[in-house]
Structures are given as structure tokens and as C-alpha cells.
Amino acid sequence: MVLSGKKILVGITGGIAAYKTCELIRLLIKAGAEVKAVMTPSAKEFVTETTIRTLTRNQVYIEQFPVRNWQPEHISLADSSDLFIIAPASANTIGKIANGICDNLLTSLVTAFKKPVILAPAMNCNMWESHFVQKNVAALKKAGFCIVPPESGELACGYEGTGRMASVDKIFNFVEEALHLEPNLKGKKIIITAGGTKEPIDPVRFIGNRSSGKMGIALADAAFESGAEVSLITTVDINKAYKVTKVDTALEMLEATKKGFVESDILIMVAAVADYRPKTVAEQKIKKENSDSLTLELVKNPDILMEISKIKKPEQTVVGFCAESENLFDNALKKLKEKNLDYIVANDISDPEIGFNSDYNAVTLIDKNKEAVDFVPMPKKNIAKLILKGIVDD
Ligand code: C5P
């Protein structure tokens, strides 16, 4: 059973979609999870405590200040659960969580909760589109909460639009992914590259790109947390508990990567490496007074992954990334072959919600046999763990 031994807290808020949560609880229990439910006072208008108690086979938690235990329930429940899923998540509860308000057991609990939290919003389409709800959802996403996007269609209030709670199957997939994140990387040596290279033009200017380095750093953090010996080669200025080598240019990155690769088990090239660099770097700052136009001659940078493929041993694993705005799968497969990779992680950059500079991402992990796994939009740190797990558990 896929959720055996997992302790899941289900939060129910006051919305008509609460009737679907009964089915979600049934699915979770069938998959082996132990489920405890927390209801807001208004959730009781939509489903009864008896229904939820019978389905979860546990008492239902509603009161904020019961007299049962010495320890406050919002702390003991938070400590003893692996995951918190709030479905449906009303606009009201979303607003309170995003603003740190703890005025009932559910909102207090989620504020004290340190493990993954999944929210499945459900509301009228005009409420969903409201500036305030969208602002609160964006703040929650940024803070690492997983949002299962609501679907569009006919709504219980009689409207047509986006706001219907996602199907229970979809929510169940999010639960499964969030709970099976931990890859085992003990004893593995991993090099990860991150950030966009900077190719100097003169002492003050460079050619750069929009890569923030967040995905590569999330991978390095996740690999380190999972027990790997990590070496991060990056253009971003950061201090970490693992080894960080700061580089600027593609040539510096190539040298550092080749050097570290010899002793590594896995290389993950997330960096956005400039394809070209200025042929010459001016020794002094180029002055605009000297000319009305400026022509820079660029020369091609080496492809780091191509260079690595020349020294790669069969037992080493090499992973590339590719950002595409069209024909994601075909372009990714082409790169996988050309660069002799074991895996490629493909990123659809046409979606502004994910990718560059965002804390969220949605990717497809493709292996040499063209087997592809899609990861739904989730915080980059969760995507990082799933990618690592996909690579080592294959
Ligand atoms: O060919 P393209 O730049 O789209 O491929 C992206 C992948 O190749 C990424 O993994 C990136 O880090 C790597 N790359 C490289 N050397 C370059 C350019 C990209 O290793 N010069």
C-alpha cells in the first residue's frame, strides 16, 4: 500500500466541495494512511462530524481549546503528522494562513506545521480571480505551500469558471508526490552547476542571462539534506554548509566541472551557460564618447556537457537541463542524445508561473529509453527531491 505508515492530517473548511473530501479520505485510508481530520466551525455546515469520524476512524478535531490534554492540540497534531492537506481550502482560510492569523484550530495548526502542506482551493470563480485571493495564493506558493490548482467548469453556485476543487484523484497524486520525496544519496558524490554565466565585455560590463540559479541551488540543498557529498559550482554568491565554487564565465565553469567530475558519481548541469562570449575583453571601460555604435565579436563557448561526455565513465550519471518554449519532448530528446546524457530535465518556459526566477517549477524527467515522468507544479525544493529520487531510484 503506497501510503502505509504515513500520518496524514486532512483539514476541511466551509465549502460545498467538502463532500468530495469524504471520498479523498476514503482513498487515503485505502492506500494505507492513518488519517486525522480537522474541521473549521463552518465546515460543519457542509459535512457532519459523524461522517468524518466514521471515515477517518478517528475523533475529529474542531475545538481550539479542548480540555482533553495538557499539550495544546495544534502542537501535538502538527508534531505527529507527516503531511497536512487542506481540502477544500476556502478564500477565508487561504487569507488567514497567508497572513499568519490563527483564530481556529485549523489555522493555528497549519501555522505550527513544519512538514509539507497541500492546499486545494475551492470557491466561486469571481472570488478565485479576486486580487486579494491571488495575492494570498502567490504568498503561500512563495512560502513553499503546494497548491492544487482549482479546475474550471460548472460551479455549485451556478457560475461557469475556474474555482472548482481539483478532482480527488489529482489531489491524491499531489499527496503521493509530497510524501515520497526522500531520495537516498548516502555515500554519493554529486556536482551541481547553477546560475547564468557572465561573459565580460570590459571591466564593468558582461553578457548575462535571466537564470536565478534557484533550481540548481534547490537541487544542491536537497542532495545535501539527503546525505550526498555535494559540490556546487555556481555564478551566484552564496555560502552553504557544503562545498561551493564561485565562477563567472563558461570557461571557468568548464574547468571547475571537469576537475570535480573525475571523482563524482553524478553531475547535474542546471547552469544556463552562455553559448557565446566576447572574443576580446576590453582592458578599460568602453567609452560611449568614442563612437555612435559598438560591434562586439562573439566566439562560441565550449559545450560543457559535450566535453564531459568525452571523459564520462559508464558508472557515472550525467543529467542535463533544457528550457524550451515549444516541442518540449522532442527538443529534450534531441539534446539527451547529442550530449550523451543519462537523463534530461525539460522545463516549459512558456508558462510565466514557473521556471526563471520563480520559486515554483513543473518539469518532465526523461531517461535514455524515452521514459518520461511529469512533475506537477510545486516548489523547486520538492521538484529537486523528486528529480534526485528519479535519478537514483531508477
Ligand atoms: O544546448 P542547450 O544550452 O539548450 O542545453 C542545455 C544543457 O546543456 C544544460 O544542462 C546546460 O547546463 C548545458 N550546457 C552546457 N554547456 C553549454 C551550454 C549548455 O553544458 N555551453
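**Strand 5 and its neighbours**

I started with strand 5 and strand 6 (residues 146–147): 2 bridges join them, and they run parallel. Strands here are DSSP E runs of at least two residues, helices are H or I runs of at least four, and both are numbered from the N terminus. Two strands pair if DSSP finds at least two bridges between them. I looked up Ile118 and found Cys146 as its bridge partner in strand 6.

The model is predicted, so I note its limits: local features need pLDDT of at least 70, side-chain atom pairs count only at pLDDT 80 or more, and totals for chains, interfaces and linings use all residues. Residues are numbered from 1 along each chain as its sequence is written, and side-chain values use heavy atoms, with hydrogens and water left out.

Next I checked strand 4 (residues 83–89). It is joined to strand 5 by 4 bridges, and the two run parallel. Phe84 stands opposite Val117 of strand 5.

Then I asked how much of strand 5 (residues 117–121) is buried. The count is 5 of the 5 residues, so the strand is largely enclosed by the rest of the structure. Buried means under 20% relative accessible area, exposed over 50%, and partly exposed in between, with a 1.4 Å probe and protein chains only. Val117, Leu119 and Pro121 point one way, Ile118 and Ala120 the other.

I traced an open sheet of 8 strands in the order 13-12-9-14-17-18-19-20, with mixed pairing. Strand 13 (243–246) and strand 20 (372–379) are the edge strands, each pairing on one side only. Within this sheet, neighbouring strands are turned by 20° against each other on average, direction ignored.

I picked out strand 18 (residues 343–348) and strand 19 (residues 360–367). They run antiparallel, joined by 5 bridges. Ile344 has Ile366 as its bridge partner in strand 19.

**Helix 10 and helix 11**

I turned to helix 10 (residues 250–261) and helix 11 (residues 304–311). Their axes come within 10 Å and cross at roughly 25°. Axes are lines fitted to C-alpha atoms, for helices over the stretch in contact, and angles run from 0 to 180 degrees between N-to-C directions. The two helices are therefore roughly parallel to each other; the classes are under 35 degrees for roughly parallel, over 145 for roughly antiparallel, 65 to 115 for roughly perpendicular, and oblique for the rest.

Which residues make the contact? Helix 10 gives Ala250, Met253, Leu254, Thr257, Lys258 and Phe261; helix 11 gives Ile304, Glu307, Ile308 and Ile311. Contact means heavy atoms within 4.5 Å.
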